[in-house]
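Subject: Structure handover

Hello,

Please find the structure below. My notes on it follow.

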Amino acid sequence: MNQLPPPISHKVQPTALNARTVSRLLEIEFDDGKRFELPFELMRVYSPSAEVRGHGEGQEVLQIGKRLVSITGIEPVGNYAIKPIFTDDHSTGIFTWEYLYWLGTHQSVLWQDYLARLQAAGFAGETGRDALPAPKTGPKCGS
């Protein structure tokens, strides 16, 4: 991933959370009055999981073919996060409230970064959003 905005440094708490499966948006409102509509695709592409981010700088895995990804469930993680279950079977990302706030705050920058990375990988226009991902092989994280 390119130079992304720094993480937020203040604590936030959600006051409302609603997954809209038809429009594929997570609506979230915070205690400071900020409200965001996060596309499921953006959440999936920027999942905080090791499967997406890797285990260090330069190990990120470009996510392709996620235009129509949806969420089939959301599990609470303590009082600090949620774990969405995506329709592509991805369920290892733990989205803290601060991370969701960061996604919402920087949504347009992140979207442009994603499209630029798709084009750098050889996908014309937005075709990478619809490309079929390669089949998974080898051991998974933690194996």
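Helices (H or I, at least four residues) and strands (E, at least two) are DSSP runs, numbered from the N terminus. The model is predicted, with local features needing pLDDT of at least 70 and side-chain atom pairs counted only at pLDDT 80 or more, while totals for chains, interfaces and linings use all residues. Numbering starts from 1 along each chain as its sequence is written, and side-chain values use heavy atoms, with hydrogens and water left out.

Arg-129 sits in the segment after α4 (107-120). Its relative accessible area is 11%, so Arg-129 is buried (under 20%; exposed is over 50%, partly exposed in between; 1.4 Å probe, protein chains only). The side chains of Arg-129 and Glu-41 form a polar contact of 2.6 Å (a pair of N or O atoms within 3.5 Å; within protein, one must be able to donate a hydrogen and the other to accept it, and residues adjacent in sequence count only if both atoms are side-chain atoms). Leaving aside residues up to four places away in sequence, the contacts of Arg-129 (heavy atoms within 4.5 Å) include Gly-65, Lys-66, Arg-67 and Trp-111.

Lys-34 lies in the loop between β2 (25-30) and β3 (35-39). Lys-34 is partly exposed, because its relative accessibility is 42%. Ala-50 is 16 residues from Lys-34 along the chain, and their C-alpha atoms are 28 Å apart.

For residues 20-101, the span is 18% helix and 33% strand, and its end C-alpha atoms are separated by 18 Å.

Regards
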